[in-house]
4 protein chains.
Amino acid sequence: MVADKIAVAVLGATGAVGVRFVQLLSRHPLFRIAALTASDRSEGKCYAEAAHWVVEGEMPAEVREMVLLPTDPEAVRRFAPEVRAVFSALPNESAAQAEPAFARAGLLVFSNASYHRMMPDVPLVIPEVNPDHLDLLGHQRRARDWSGGIICNTNCTVSGPAMVLRPIYDAFGVRRVFCASLQAISGAGYPGVPALDITDNVLPFIKNEEEKLEAEARKLLGRLEDGTIREADFSLSAHCHRVPVIDGHVVAMSVETERPVAPEEAAHLMRTFCRPEVAGLPTAPEHPIIVREEVDRPQPRRDRLSGGPVGGMSVVVGRVRREPLFGERGLKLVTLAHNTIRGAAGGSLLNAELAWRRGILAV
Amino acid sequence: MVADKIAVAVLGATGAVGVRFVQLLSRHPLFRIAALTASDRSEGKCYAEAAHWVVEGEMPAEVREMVLLPTDPEAVRRFAPEVRAVFSALPNESAAQAEPAFARAGLLVFSNASYHRMMPDVPLVIPEVNPDHLDLLGHQRRARDWSGGIICNTNCTVSGPAMVLRPIYDAFGVRRVFCASLQAISGAGYPGVPALDITDNVLPFIKNEEEKLEAEARKLLGRLEDGTIREADFSLSAHCHRVPVIDGHVVAMSVETERPVAPEEAAHLMRTFCRPEVAGLPTAPEHPIIVREEVDRPQPRRDRLSGGPVGGMSVVVGRVRREPLFGERGLKLVTLAHNTIRGAAGGSLLNAELAWRRGILAV
Amino acid sequence: MVADKIAVAVLGATGAVGVRFVQLLSRHPLFRIAALTASDRSEGKCYAEAAHWVVEGEMPAEVREMVLLPTDPEAVRRFAPEVRAVFSALPNESAAQAEPAFARAGLLVFSNASYHRMMPDVPLVIPEVNPDHLDLLGHQRRARDWSGGIICNTNCTVSGPAMVLRPIYDAFGVRRVFCASLQAISGAGYPGVPALDITDNVLPFIKNEEEKLEAEARKLLGRLEDGTIREADFSLSAHCHRVPVIDGHVVAMSVETERPVAPEEAAHLMRTFCRPEVAGLPTAPEHPIIVREEVDRPQPRRDRLSGGPVGGMSVVVGRVRREPLFGERGLKLVTLAHNTIRGAAGGSLLNAELAWRRGILAV
Amino acid sequence: MVADKIAVAVLGATGAVGVRFVQLLSRHPLFRIAALTASDRSEGKCYAEAAHWVVEGEMPAEVREMVLLPTDPEAVRRFAPEVRAVFSALPNESAAQAEPAFARAGLLVFSNASYHRMMPDVPLVIPEVNPDHLDLLGHQRRARDWSGGIICNTNCTVSGPAMVLRPIYDAFGVRRVFCASLQAISGAGYPGVPALDITDNVLPFIKNEEEKLEAEARKLLGRLEDGTIREADFSLSAHCHRVPVIDGHVVAMSVETERPVAPEEAAHLMRTFCRPEVAGLPTAPEHPIIVREEVDRPQPRRDRLSGGPVGGMSVVVGRVRREPLFGERGLKLVTLAHNTIRGAAGGSLLNAELAWRRGILAV
């Protein structure tokens, strides 16, 4: 029954990630959209008029007429006092101010912005990778004297590599990781990449992406000890490229482990990887990692909608083989993750579901 | 004057590389096309009717009416006894038989096929990288009792990395190289990649490509000693991908050198890299390597036609920086080479020009 | 219960339309796949090995191991005697022989091939457009002395225009129709259009397409009288183009009616167009024609999966306005239909459901 | 010698059309760039820093360091008093004010903006179509009391159809024209069309485009009488679409002539169409219209750079055939014109060359 669902708001609901949040929340069993906010430009317009609905399917009827509020906790509270959590698709500049304001006002902020990700007291979480990092929230609340809090998801590009590294790191340790990404255009938001720049072309640079990939991977795989994340002690280096693909980030990886590893063993660990903490959550895929046997998979167009009730929540892996440059400690493989689902809105949503299961978030 | 030009034939002239040969030879100052061959299916047709003219510009008027011969030295000799050299755009299956037949018949074969590339007595040459390997030809002739011979160019993907590694290898030594390629669809020939496979997609596998990349790079950078190539002693590992780009292969590289290297120094060496043996040849670019300063270059559509009178003969490099995973011996950069010009027909043509300068090829 | 479903076979199951048939039939409430056939090349292989699964989602588990039979009624009968109908995704050359053989053997053939479409005794049917043409089947059976029969769906490009013309023709009459199509690459099958031909390009010619469009539109909108189709008496002229789009054919139309027409009235008729004969069939969309109000719709990527339980069964129309060149008898609009669903496999499937409802097809 | 060239400025030099002007002017035999202007945002920056160089090849060395001036006649005069003409790549909003200001200041403005195109005293000129309309300039100068003046080129989409209609109109008269366009993304400028909107998609709407197409075609083919353009008396109706193509607008046309026409005759007239007034001008193509015989041409990627010393100045026509809906007075064909060369910067440049030949423009 709708009255029993947890009321949530989407901040920055009109952009590429915002519409994905709205799409995923529209038939969600735990949450219901009670408010939508937008930038000044769109404030006061109805959602159907202002949103760039760049995702599949039609805009849900129930949000079409919702009036866009300013991105301000007072406005949201006044309009929908029952809101308990917000999903933030804000650009970094706005997130810096707005997200703490909502947290201060007692709301849990599930953020897709990068601004707070690397702050020491902010949990950066992929539920299957580091569910216990959610406990940082207590420290954050005490330190900042907030009754709400901020929980971040990751950069869209790191979601595939981090998921894949989790079972490998746990079983064999990881020293060094080379990554080369082939990233979809939706990763740059809307309007984002001009067609004149990317048609029949590759852009071999994405601002700050290579830095984020390394920093976030180390935090995600780190250990929470005494209220602090000890970053995982591997190095990661990335070459990031934009390619003419709508959705789905491919990342080729060469991994040097601490201990010898057989590719078949690694493939088995990935294939059977799962987390009891996450299993059965509404948005969780049955298999967080799908390992394909065909020589030419994963492919973005064909595999990006794999996994989970909404599709796009599994990381798809292929070509698991020996990395000869690292000898018996070397693994070579290619990963695919849907950048606006697993790597953005779907990831935040799963974070909120995890918080709900842990009792941090309730009606 | 035409009479003074060296008469040549193009073998397999109707496919993607074949038409590029015809395009580049059509206004060449040293060579003139005296014969064209094709597979049985097209034999006897006129060139305009049978060729897949998938390159820029119009088919040159002088070849439109040329009748396609069978790919057989006797047929070529009978039709054009003055032919001294052939450019082979044959598929591997045909090259295995046909190229030795032409060599035995006294013709120099400049081959774009991979079949003979790794044979110990066959020169695999990029003129700026290893011009002296051409001397293998003498050994080949003696060993096989041929009056002609086979000279191979490289796989289209290796041309960028090998060019870039030359000055780095000579100055600092090279231990390990990670490569990730983003390859254009023209690399698969015509009809090649179905649009249904590559539109809005990436294919993370290209058959045999990763193997060729390593093997050819080691041979290209190897040393000719006593009639034998001693392969360069580095390891190279590649992740190869096909992307929706018409022409131009991007290869991201992480290089571990033997000795410490400053990225600025490496950039300087690449920028000033040149070979007196090659300078001034008709198809040679002034700068074999163009190093760009912009953060987001090279890009295939914008940079692939760089260098040389015909365009597309320079390797374009960008983002030369430190590879942190290899510390002070680490270099990170991205390369672009036109796969059907520098990496195929243009490369073979430059090999022939080098042979001409060395006196191996004359009217 | 599976035992109660009608057993069917798919002929030519490995190509672009064949896999779409398999996808749509895999969870069908009335039909179940009992046999799959392929060309000689694939015969004897298992489906997973031989099929080009170029549609969304995974290949259904239950067909992966099915062994491909030769396209021959005896082979199908021997393997699965319970088969009552076959869906034909055969190329024309094979359809010419094979489809009559199956019909002679007592099976109903729902064909996607063009070979029999224009034969006077073969029903060419879009259920919402001309359901009564199915009655031609009786004449066909008598004339050819078949216990089975052939029922054709239309060319993929005509499905949009024909659907749209139905209510307009009935209300206002139609004299002349100008069409310009922008057709997706999947319309050419697999491998179909080479990426080298269509990337950053338009092909302004599709063989026989303009002819089919006119002929089929006239037959579809014709009247069945005394066992003969009297073709509708309008003229239609088309300009056909291939564009770099995966799925979804756009057709811009300028229609001259017999009687004055107001665009709003035409839009209303299209929006409310429905057929009781078809309503409620498993694959039928609630609205055969969806009329959109936005100025820039329909768009293939965003609208092609509209309508019906499987998606892609509605024709989406936009920009309904006055065609000034025809004055008060002029309509101008743009249509979109999914070419491999409504325009191919989905259309045939709906024909079979209609046949089932009419009692022609039973367990 | 440079000193003898006519000094010109480019207004709005940093955008998609602006860079094309700079590219075409950089090696021009009559003109030399003496000043470049930009919007406030870029004013004061050097050109290399501010320009979006989205055209082929490198930015010419001589403009890289030029400082961008405000778009103001005083600023241009102060910086380069020798400037005689300006090429305007301004957006409409700026053109409305700026272009008259430059004309008032005594400069000839060759404008690519649409703002003044349909004004009765402003020549809208394609040199091969209506060179005599340039005489309107005298009326404009008298009416507005300007010593300079404004001469417009056409909308990029109309350039193909107008060129093709000229010989047909003159020989057979024209009553009605149906057009369907498939327009390239560069027609929308830079950044222009988001890749998220056009990848794997068609946009069936371009704002104001259909209206411009009709209005400008009628003015272009009109007659200048007593200082007034009498518009040509045909009707034209267009369906405009954006497709995923970089450059080159395709327009399919169905033409109803006044008098009977044989397609072969029309093809001959187009093929031999030329204007002595234009022949030999530096940017003029030898054949304003190239008629191709292949069934599947013109294609944007393969034909857009046809004609003229710079390429892209010819209109390429194919599939000239009977339009059955118009009977013996019907023609059907498809045209291609490079939208940023013939349809924009190249068109304006040719207008300026025509003005020079007529003595209106001098050093």
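Visitor: How many residues does the contact take from chain B, and how many from chain A?

Guide: Before the count, please keep in mind that this is a predicted model, in which local features need pLDDT of at least 70, side-chain atom pairs count only at pLDDT 80 or more, and totals for chains, interfaces and linings use all residues. Residues are numbered from 1 along each chain as its sequence is written, while chains are lettered from A and ligands numbered from 1 in the order in which they are written. Two residues are in contact if their C-beta atoms, placed from the backbone, lie within 7 Å. Counted in this way, 34 residues of chain B and 34 residues of chain A take part.

Visitor: Which elements of chain B each supply at least two residues of the side that touches chain A?

Guide: Helices (H or I, at least four residues) and strands (E, at least two) are DSSP runs, numbered from the N terminus. On the side of chain B that touches chain A, at least two residues each come from strand 7 (174-183), strand 10 (235-242), strand 11 (249-257), helix 11 (300-303), strand 13 (315-322) and strand 14 (330-337) of chain B. As for classes, Ala, Val, Leu, Ile, Met, Phe, Trp, Tyr, Cys and Pro count as nonpolar, Asp, Glu, Lys and Arg as charged, and the others, Gly among them, as polar. This side of chain B then divides into 19 nonpolar, eight polar and seven charged residues.

Visitor: Into which domains is chain A divided?

Guide: Domain bounds come from an automatic or database domain assignment, and for chain A they give domain 1 (2-155 + 345-357) and domain 2 (159-338). The C-alpha centres of these two domains of chain A lie 25 Å apart. Across the boundary, 33 residues of domain 1 of chain A are in contact with 30 residues of domain 2 of chain A. On the domain 1 side, helix 1 (16-25), helix 6 (136-144) and helix 12 (341-357) of chain A each supply at least two residues, and helix 12 of chain A gives the largest share, seven residues. By class, that side of domain 1 of chain A has 16 nonpolar, eleven polar and six charged residues.

Visitor: At what angle do helix 1 and helix 12 of chain A pack?

Guide: Two packed helices are described by the angle between their axes and the distance between the axes. Axes are lines fitted to C-alpha atoms, for helices over the stretch in contact, and angles run from 0 to 180 degrees between N-to-C directions. Helix 1 and helix 12 of chain A pack at an angle of about 50°, with their axes 9 Å apart. That makes helix 1 of chain A oblique to helix 12 of chain A, as angles under 35 degrees count as roughly parallel, over 145 as roughly antiparallel, 65 to 115 as roughly perpendicular and the rest as oblique.

Visitor: Which residues of helix 1 and helix 12 of chain A meet?

Guide: From helix 1 of chain A, V17(A), R20(A), F21(A) and L24(A) meet I341(A), A344(A), A345(A), G346(A) and L349(A) of helix 12 of chain A. The residues of this contact divide into seven nonpolar, one polar and one charged.

Visitor: Where is P298(B) found?

Guide: P298(B) is found in the loop between strand 12 (289-291) and helix 11 of chain B, and the peptide bond from R297(B) to P298(B) is cis, with omega near 5°. In strand 13 of chain B there is also R319(B), which has a positive phi of about 55° although it is not a glycine.
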